[in-house]
Amino acid sequence: MARANSSRVTEFILLGLSDKRELQVLLFTTFLLAYTMVLLGNLLIIVVVRTDPKLSSPMYFLLGNLSFIDICYTSVTAPRMLVDLLSQRKAIVFEGCIAQLFFLHFVGSSEMFLLTVMAYDRYTAICKPLHYTTIMSRRACWLLVASCWAGGFLHSITQTLLTVQLPFCGPNTINGYFCDVSPVIRLACADVRTTEWLVASNSGLISLGCFLVLLTSYVFILLTIRGRVPRGRAKALSTCAAHALVVVLFFVPCVFIYLRPSRTFPADKYVCVSYTVFSPVMNPLIYTLRSKEVKESMGRLWKRCRA
């Protein structure tokens with residue numbers, strides 16, 4: 001027993017995105033700017049939505065929650081990545097690695113569910129406008145958001161339990177910049193084929209399932225607005241286009257990464273950058289630039305701050 005305990009892995013080594021010092025400095029500058037934009041952009045949306053009564057509709061309530069989730073999601077990986085880019089030895093203790101993958105899947109899956117709820121909100125507003133206020137009441141919105149967090153927790157705790165029950169006594173090098181379930185379980189000193197399939201069926205099918213539900217909602221929306229007047233059709237398309245762009249940036253890389261139980265590619269860690277960093281950066285830009293109401297609200301907030 002003592003021998004087994006002494007050989008247990010106590011830390012993992014993260015290889016990061018590059019081992020070239022010049023490129024690491026460039027990446028640090030880029031990701032620091034991106035992380036700053038995530039914090040400032042999403043905090044601005046939260047403040048605007050919370051302080052402007054004109055943005056009290058369910059769509060903006062959900063948008064404020066999405067901004068909060070984006071801040072949490074990026075904060076799980078970005079600060080650690082920034083520190084590692086300036087460090088010679090990129091090590092993370094075993095407990096810290098498990099905590100990171102838990103919160104990554106907790107917040108990430110909660111965002112998937114929330115984006116699905118936002119698509120349902122747009123479907124209800126466009127396809128069932130007479131019943132919209134009844135279906136998407138404030139109480140219903142709170143219940144839907146709570147369900148997103150609960151679903152994210154159940155998904156994440158399942159992934160974490162599948163990981164921690166494995167023995168780790170051999171290699172401890174992860175070819176990436178954060179701890180995720182798939183690269184970690186491949187380091188286990190055991191046959192993990194069954195675990196890999198369970199992980200893929202959990203994460204991969206959730207990603208794919210939410211993505212297909214979202215695509216289906218857009219099909220119904222497009223069929224509904226086909227016969228409307230040009231002005232109403234253009235407004236509905238504009239709102240849905242912003243949401244669709246966010247969905248593509250987030251879901252397509254997730255489906256690519258998590259729907260493969262037993263195979264990895266060297267480019268996987270670069271694909272992960274798109275949904276852990278750049279997707280949260282784009283969300284506030286996409287929604288503010290395409291939303292006249294949000295831009296007007298920001299203008300009013302700016303005037304109040306200057307007064």
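A nonpolar core is a set of buried Ala, Val, Leu, Ile, Met, Phe, Trp, Tyr and Cys residues joined through side-chain atoms within 4.5 Å. The views below show a predicted model.

**View 1. The largest nonpolar core of the predicted model, with 63 residues.** Within this core, Phe31, Leu62, Leu114, Phe250, Phe251 and Tyr275 are the residues that touch the most other members. At least two core residues come from each of α2 (21-51), α3 (58-85), α4 (94-127), α6 (138-164), α8 (193-225), α9 (230-258), α10 (268-290) and α11 (292-306), and α3 provides the largest share, 12 residues.

**View 2. The surroundings of Phe251.** When neighbours within four places in sequence are left aside, Phe251 is in contact with Met112, Leu115, Ser207, Cys210, Phe211 and Leu214.

**View 3. A second, separate core of 20 residues.** Among the members of this second core are Phe12, Leu166, Val181 and Ala188.

**View 4. The packing of α2 against α11.** The axes of the two helices lie 10 Å apart and meet at an angle of about 85 degrees; because angles of 65 to 115 degrees count as roughly perpendicular, α2 is roughly perpendicular to α11. On the α2 side, Leu44, Ile45, Val47, Val48 and Thr51 meet Ser297, Met298, Leu301 and Arg304 of α11, and the residues of this contact comprise 6 nonpolar, 2 polar and 1 charged.

Key: Residues are numbered from 1 along each chain as its sequence is written. This is a predicted model: local features need pLDDT of at least 70, side-chain atom pairs count only at pLDDT 80 or more; totals for chains, interfaces and linings use all residues. Side-chain values use heavy atoms; hydrogens and water are left out. Buried means under 20% relative accessible area, exposed over 50%, partly exposed in between (1.4 Å probe, protein chains only). Helices (H or I, at least four residues) and strands (E, at least two) are DSSP runs, numbered from the N terminus. Contact means heavy atoms within 4.5 Å. Axes are lines fitted to C-alpha atoms, for helices over the stretch in contact, and angles run from 0 to 180 degrees between N-to-C directions. Angles under 35 degrees count as roughly parallel, over 145 as roughly antiparallel, 65 to 115 as roughly perpendicular and the rest as oblique. Ala, Val, Leu, Ile, Met, Phe, Trp, Tyr, Cys and Pro count as nonpolar, Asp, Glu, Lys and Arg as charged, and the others, Gly among them, as polar.
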